[in-house]
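Please find below a colleague's note on the structure under review. The points are numbered so that each can be checked separately.

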Amino acid sequence: MSQSRNFIFPMCTCVPAFVSSQSTQSMFSPTRSLHLSGVLRKKKPGLKNKSHSSQQWINRHVNDPFVKQARADSYRARSAYKLLEIDSRYRLLKPGNTVIDCGAAPGSWTQMAVERTNSALQNPAKPRGIVIAVDLLHMQPIEGAIMLGQSDFTDPAVQERILGHLDKRLSDAVLSDMAPNATGIHAMDHEQIIALARTAMGFATKVLCENGHFLVKLWDGHDTGLLKRDLVESFRSVKILRPEASRKESSEIFLLAQGFKRYLVHPKS
Ligand SMILES: C[S@@+](CC[C@H](N)C(=O)[O-])C[C@H]1O[C@@H](n2cnc3c(N)ncnc32)[C@H](O)[C@@H]1O
């Protein structure tokens, strides 16, 4: 087991886009995470005082094969398997790469990025990567990653801090699993996640190297096509992906943009 994964951590409760606003807000809070980890440890979860939708959600979560697998593999969240599937197929992360992970808490994508880029120098024979993880929430450290917790990625000062850590290096991949607190009103949630995705895209087009990769999570909706069209301008290939680990009832999709045309976007760089 890698050092980035060898401790117990409350399992992340990623928010499905379909749930009601009441249950969504409570689901997203850190207290919910801690509470749920308590539930998962007990043999018979105490569901007596929970609302029907909460009970359904907890039952589904406890029985979810990706949740079980994440616990067995010591990943902090089931989302790890979304990145694992995408990376295994499209080869985004390699030893020696520099990767920025936006919306990283609790850290399963960061764990995966550390493993794949060798940023903790797990294999001294391979080049060492750099992983920078950013989230609004506080994050527990992960060996091999620079953790910028309690940091709003949309804040220019936070982006400056990331640039400071890059120290004039370009990045091989920018990943965004950022998601706002869902309201349950699909059009509004879609609009907010598109705004986060556009911020990540703006940053990616500043820092990516020639042929770099950009992966961004969305809740699908009317502006998906527009974002995809804008990405096509600066990347050689843009795909819409729906990994196995995305919950069936969620509108979650990922846009994967590969082959950044840096010399076209920044002709003088
Ligand atoms: C689905 S979770 C990420 C899970 C993570 N990829 C993992 O594998 O552990 C979405 C995250 O986006 C973060 N987020 C939302 N808006 C953000 C912002 N403006 N800046 C930084 N993080 C943000 C949330 O705090 C939340 O932790």
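1. The model is predicted. Its chain has ten helices and seven strands. Of the 269 residues in the chain, 42% are buried. Among contacts with a separation of 6 or more, 66% link residues 24 or more positions apart.

2. Around the ligand there are 25 residues, of which Ser79, Gly103, Ser108, Phe153 and Asp177 are the closest. By class, this shell comprises 16 nonpolar, five polar and four charged residues.

3. The buried residues of α8 include Asp189, Ile193, Ile194, Leu196 and Ala197. Further along the helix, Ala200, Met201, Phe203, Ala204, Thr205 and Val207 are buried as well. The elements that cover the buried residues of α8 include the strands β1 (98-102), β4 (171-176) and β5 (208-219), together with the helices α7 (156-166), α9 (224-234) and α10 (262-265).

4. How do α8 and α9 lie relative to each other? Two packed helices are described by the angle between their axes and the distance between the axes. Here the axes of α8 and α9 come within 12 Å and cross at roughly 5°. With angles under 35 degrees counted as roughly parallel, α8 is therefore roughly parallel to α9. On the α8 side the contact involves Ile194, Ala197, Arg198, Met201 and Thr205, which meet Leu227, Leu231 and Ser234 of α9. The residues of this contact divide into five nonpolar, two polar and one charged.

5. In helix α5 (80-90), the buried residues are Ala80, Tyr81, Lys82, Leu83, Leu84, Ile86 and Asp87. They pack against the helices α4 (65-73) and α6 (108-117) and against the strands β5, β6 (235-241) and β7 (252-260). Arg91, which follows α5, has a positive phi near 55°.

6. Beyond residues up to four places away in sequence, Asp87 touches Leu92, Leu93 and Arg116. Asp87 and Arg116 are 29 residues apart in sequence, and their C-alpha atoms are 9.2 Å apart in space.

7. Asn97 lies in the loop between α5 and β1. Asn97 is buried, because it has 23 C-beta neighbours inside 10 Å. Leaving aside neighbours within four places in sequence, Asn97 is in contact with Thr117, Gly129, Asp172 and Ala173. Asn97 and Gly129 are 32 residues apart in sequence, with a C-alpha to C-alpha distance of 4.7 Å.

8. Most residues other than glycine have a negative phi, and most peptide bonds are trans. Ala105 and Pro106 are joined by a cis peptide bond, with omega about 0°; Pro106 is in the loop between β1 and α6. Lys168 has a positive phi near 75° and lies in the loop between α7 and β4. Lys168 counts as exposed because it has 6 C-beta neighbours inside 10 Å. Asn211, in strand β5, has a positive phi near 70°. With 13 other C-beta atoms within 10 Å, Asn211 is therefore partly exposed.

Conventions: Residues are numbered from 1 along each chain as its sequence is written. This is a predicted model: local features need pLDDT of at least 70, side-chain atom pairs count only at pLDDT 80 or more; totals for chains, interfaces and linings use all residues. A residue is near a molecule or strand if its C-beta atom, placed from the backbone, lies within 6 Å of it. Ala, Val, Leu, Ile, Met, Phe, Trp, Tyr, Cys and Pro count as nonpolar, Asp, Glu, Lys and Arg as charged, and the others, Gly among them, as polar. A residue is buried if 20 or more other C-beta atoms lie within 10 Å of its own, exposed if 12 or fewer, and partly exposed in between; C-beta atoms are placed from the backbone. Helices (H or I, at least four residues) and strands (E, at least two) are DSSP runs, numbered from the N terminus. Two residues are in contact if their C-beta atoms, placed from the backbone, lie within 7 Å. Axes are lines fitted to C-alpha atoms, for helices over the stretch in contact, and angles run from 0 to 180 degrees between N-to-C directions. Angles under 35 degrees count as roughly parallel, over 145 as roughly antiparallel, 65 to 115 as roughly perpendicular and the rest as oblique.
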